Structures are given as structure tokens and as C-alpha cells.
Amino acid sequence: MLFPASGGARFGLRSTKCIRFAKHGCTNRPFFHIVVMEKRKPRQGHVIEQLGTYDPLANAFGEKLCSINLERTSHWIGQGALISNSCAVLLGLSGLLPLHPTSYMLAWRNRKAAEEKSQKEETS
Amino acid sequence: MAMYHDLLLHKNAFMNISPAPRLTYNKGSVGTREVRAAGDWEKVMISARHNIISLGCGARLWYPVNEATLSLAGSQTVRWRKPRWVPVAKSKMFKIPPRTITPKEEVVEITRLFNMYRTQMRAVRRHLWEESLRRADTSELSMQQAAEDEAEHQQILEYNHQENLRVAALREERVRKEFEANLARVEASKEKLAKQALEAQEKALHLITETQALVKTFIKREDLEEAIETAIANPIDYNFVIDQEGHIFRGCNTKPESIPEEDREKLLSVAQER
């Protein structure tokens, strides 16, 4: 029987949970569900609960859409669920958690690249 | 209740993040090296399990091609892209990928940021844990809420009981009235039926008396000869004629001249017209 993607997996009370992406979509079109799973389960395994979605491809307005159920997410973080790096970045940008250092890193590297590019244009 | 928070990430969102504020309280970080080594162990164990599974199934390829990258003994990376016995491509044989060099000040900054992030995350996690405890079913707040709910429920039950009593009294009154109305209706219908029965009896009696009267006129067998003789002796002529003035002349052989004018019988409709 098919298992619902939105959750319902059986899980141990004291097992390690993890908030991470479950990849959906198809070839050349990734789409992620933000889910709570047992940490040792495979990426496409049964999820305990779906917390949101993330579309990594920018739409016509140059936006990457992401939806998060903050109530449940904060509940699971309170229960001690680990958070994968990519999810931590998203949650930091959403304002639930402090900004992830990776975001800062990416920002200053982008800034630096833009600066160098503008300088190059000035000199040439 | 699902409260979804929509998040829009712009292409250049990562340009606009301002430098992180400096945190004065920095706690020594956990050794990342040990953690990473443990992670590697786990991956190796998983891959071994997959090997066994694919062998048992009699699959075409015994090696898990689709497995993620994993490192063997921390020195060699196996991507499972090609079989283990295929050597490095000739064109790539002596290729040495350039080392990524992170500037020293950047390393310091990253370390600082990560230390800060871990500290903040610990605080956030603790806060959310306490929040979940506060909201748990067995917490003081929930118990209070449950007690309030129970009291409200009892109040509603009491109200329901009172309402039931009130409605029961109303219903009793209504049922009593209906019963009385039924009695009256039955009484009336009984009377009507008795009256109808009486009428029917009278009608039957009437019929009987009429028939008895009729029977008296019947000709009995012993009087038959006499009746026939009487009938022969008194012949009745049913013929008649009518003239234009509406006079009736009875009898087959009667002549209009034989009857005087004032004795002539007239048709009923003509007599009424006059």
C-alpha cells in the first residue's frame, strides 16, 4: 500500500528525529518536502510528519517558494529533533531560528564577487 | 491547526544579509572531527547492508550505483558511479584538483559565527522545550483548562436537565389536551354513527311498510278468474288525439263534436299558459 507523503510513520519514542528535506518532483525538476523523519531512515523513507515544502527552482518573479508550518516545527525542535543544514538555513531566513552562518558566508561571498565584477567593469 | 508561513527567497537574498552581530559569550565548540568520523562509520555500515540486499535479490548489478558518495577509511571516496574494478580515466589520471583555500580571517569569522549560532540554537531549543512542557497535556495550564472545561460541561448538563424538565411539563400538558380532544372526537363520531344507524333502520322500516301496502294490491290465485272477468268487462282505451288548440280527446272512437266545448280536456302546458 502506498504510504502518505504527509506523514504517519511509526517511530520510537526515544529515537533520533531529524527535520530535513525529502526529495520529490522528477527528473530535472527537484521539489522538496520539509519533513520530520527518524534520522536513520532513508531519504525517501516514511515520514513522521510533513512540516512544509520548498521549491528550489525560481519562479517567473525570481522567487523560490517555501512554506513552513512554524507551530509544528517549533514543537519538533522543542522535542529535540535535529535540523539538517539546508533546513536550518531556511528556518533561519524565515525568522524562527537565528540566521545560519552559511547565510552570512554566502552573502559576503556574493557581495565580494559583485564588488570585483563592478571594479573589473570600471577598469575595462 | 496548520499555520503555514510562506517564505520567499529572492535570487539575491543572500547579498542583503548584514554582518552578524558580535557575541561576547563564546563557549568552546565540540570537536567536529570526532563527529565527522562517526558519520563516516554510519555510512559505511549502511552501504554494506545495501550490498547484501542487492546480492540476495539477484539484481543485474551487485553494486549500489545510486548510493550517495561515501568515503572508505577517510582516504578514498567511492561514488559508485562505475564498478570498483574500472580504473581512473586516462585523461584524469594525473589531474590534481586545486585546493580551496579559505582566508585566515574568514576562517576566524566562520568559527565565531558557528560558535554564536550554536549558543543561540541551544537557547532557542531550551525555550521551545519549556514551551512544549508548558503546553503539554499534563501541565498546570492544561489541567486548569481541563478543569474549566469540565465545570462548563457540568453547567451545560445542568442547564440541559432544567430545559428537559420544562419541555417535559409542556409536553405533558399538550398530551393531556390531545387525549381529551381525542375523547371528544370519538364521542362525536359515535353519536354520528348511531344517528346513521337509526336513519338506516327507519329507511328499512319504510321500505317494508311500502312493500306490505303494495302486497295488498296483488291479485291472489283464487281471485284470478274474477279479476280477469272484471278486466274483460271493463276495457280501457288508451288512445287519444290532440287538436291545434291543445285539447285532448281520449278514446279511439270519440268524436270532437260529441263533447261539448266547456267539458273538453286541455293539455297541461296549454292550460298553464292561459
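**Core and strand pairing**

Author: The largest nonpolar core has 25 residues, and those with the most contacts inside it are A:Ile19, A:Ile34, A:Val35, A:Val36, A:Ile83 and A:Cys87. Such a core is a set of buried Ala, Val, Leu, Ile, Met, Phe, Trp, Tyr and Cys residues joined through C-beta atoms within 7 Å; buried means that 20 or more other C-beta atoms lie within 10 Å of a residue's own, with C-beta atoms placed from the backbone. This is a predicted model, in which local features need pLDDT of at least 70 and side-chain atom pairs count only at pLDDT 80 or more, while totals for chains, interfaces and linings use all residues. Residues are numbered from 1 along each chain as its sequence is written, and chains are lettered from A and ligands numbered from 1 in the order in which they are written.

Reader: Which helices of chain A each supply at least two residues of this core?

Author: Helices (H or I, at least four residues) and strands (E, at least two) are DSSP runs, numbered from the N terminus. Strands 1, 2, 3 and 4 of chain A each supply at least two core residues. The helices that do so are helix 1 (70-78) and helix 2 (85-94).

Reader: In which sense do strand 2 and strand 3 of chain A pair?

Author: Pairing requires at least two bridges found by DSSP, and these strands have five. The sense is antiparallel.

Reader: What is the bridge partner of A:Gly52 in strand 4 of chain A?

Author: Strands 3 and 4 of chain A pair over three bridges, in the antiparallel sense. The partner of A:Gly52 in strand 4 is A:Ile68.

How values were computed
A residue is buried if 20 or more other C-beta atoms lie within 10 Å of its own, exposed if 12 or fewer, and partly exposed in between; C-beta atoms are placed from the backbone.
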